[in-house]
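Please read the points below beside the sequence and the model.

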Amino acid sequence: MKHLTKTSAVLTGIKQRQKTIVQLLTFALLFSVNGIQAQKNKNEVFKKTKAVDENYEAFSFGLRLKNMHLWHGFVVTPGPMVATNLEFNSRDKKFTFGLWGGAGSASDVTNKAGDQVGAHYKEFSIYTAYHFTDKFFIEAVTHNNYTGVEERGDVLHYWSYDKTQGYNFVDLNFGYQVSKSTSLYLATILAGGSGDYEVQSDGSFKDSYTHYLEVKSKVWKKNQSCLSLFAGGAWSFVTDKTFYTEGKGNFINVGAVLSKNVKLGNYVLPVDVTAMWNPEKQKTVLQVDLKLL
């Protein structure tokens, strides 16, 4: 009887050790599988990251052709023009620094002798932007439109921001994507550049710090076409006169944009057609914008 009890105890011990060994083997197997899967996931992430790194291009450029150039309700130039840009973007696509240039057909300006002379549209602007999120960004732009400066008889000073020279000023801009279809854009002119001031009774200048707010919303989309409506207004908290208006603030930029990808054989050409009405200046125009690159 004692022998049977001892044998039973031995068998029980063996079974217990076998159970423990099975548990250890199962744990080791699971650990190995998890390790292999983790390494596989790590390799896949590495491959994707490497692919992104290989596809990353810090510098790019663009080319656009327009029948005229509109900006914040202004007809900057009424004739055909070409716009180009050279741009740097960080790897995470948050930071941007770029140069923007425009050149176009001639229009008449009045020189110091009172004569009408032709002057080609010329602009060279610098911009930088930072995207904090996919929905919110801040941007600074120094606008340098020096069309007709020399033709009028003035001396060209590209880096001059004298208030009265009339062609250099800085914008501080904010953009926010309210929803998938609607965005807000706020721009503020700094330091009274390019005539953004009001002359006081004593002859001094009072900076207007003109604000421009635009709301834009997509209202229709089908296949490769999209229609957006927009409305923009300008005002100043400091002066009655603004950069965009002769009197108090007003709506200055109302209209619609139809965007469409036009197929030309194997080439796809993005085209924007903008119908713009400026209620303050009573101007109505139609702009065609072809994005060539």
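1. A residue is called buried under 20% relative accessible area, exposed over 50%, and partly exposed in between (1.4 Å probe, protein chains only). By that scale Lys 218 is partly exposed, because its relative accessible area is 47%.

2. This is a predicted model, in which local features need pLDDT of at least 70 and side-chain atom pairs count only at pLDDT 80 or more, while totals for chains, interfaces and linings use all residues. Residues are numbered from 1 along each chain as its sequence is written, and side-chain values use heavy atoms, with hydrogens and water left out.

3. Lys 218 lies in strand β12 (residues 211-222), strands being DSSP runs of E with at least two residues, numbered from the N terminus. Together with Lys 180, Lys 216 and Lys 221, Lys 218 forms a patch of positive charge on the surface. Patches take residues with over 30% relative accessible area and no salt bridge, joining like charges within 9 Å and nonpolar side chains (Val, Leu, Ile, Met, Phe, Trp, Tyr) within 5 Å; a salt bridge is a side-chain nitrogen of Lys or Arg within 4 Å of a carboxyl oxygen of Asp or Glu.

4. A nonpolar surface patch of about 730 Å² includes Phe 61, Leu 86 and Tyr 267 among its residues, and the elements giving two or more residues to this patch are β1 and β4. Tyr 267, in strand β15 (residues 267-278), is partly exposed, with a relative accessible area of 37%.

5. Strands β1 (residues 59-66) and β4 (residues 81-89) pair in the antiparallel sense over eight bridges, where pairing requires at least two DSSP bridges between two strands. Gly 62 has Asn 85 in β4 as its bridge partner.

Technical notes. Accessible areas come from the Shrake-Rupley method with a 1.4 Å probe; for residues, only the protein chains shown count as cover. Lys and Arg count as positive and Asp and Glu as negative; His and the chain ends are not counted. The place of a charge is taken as NZ of Lys, CZ of Arg, CG of Asp or CD of Glu. Helices (H or I, at least four residues) and strands (E, at least two) are DSSP runs, numbered from the N terminus.
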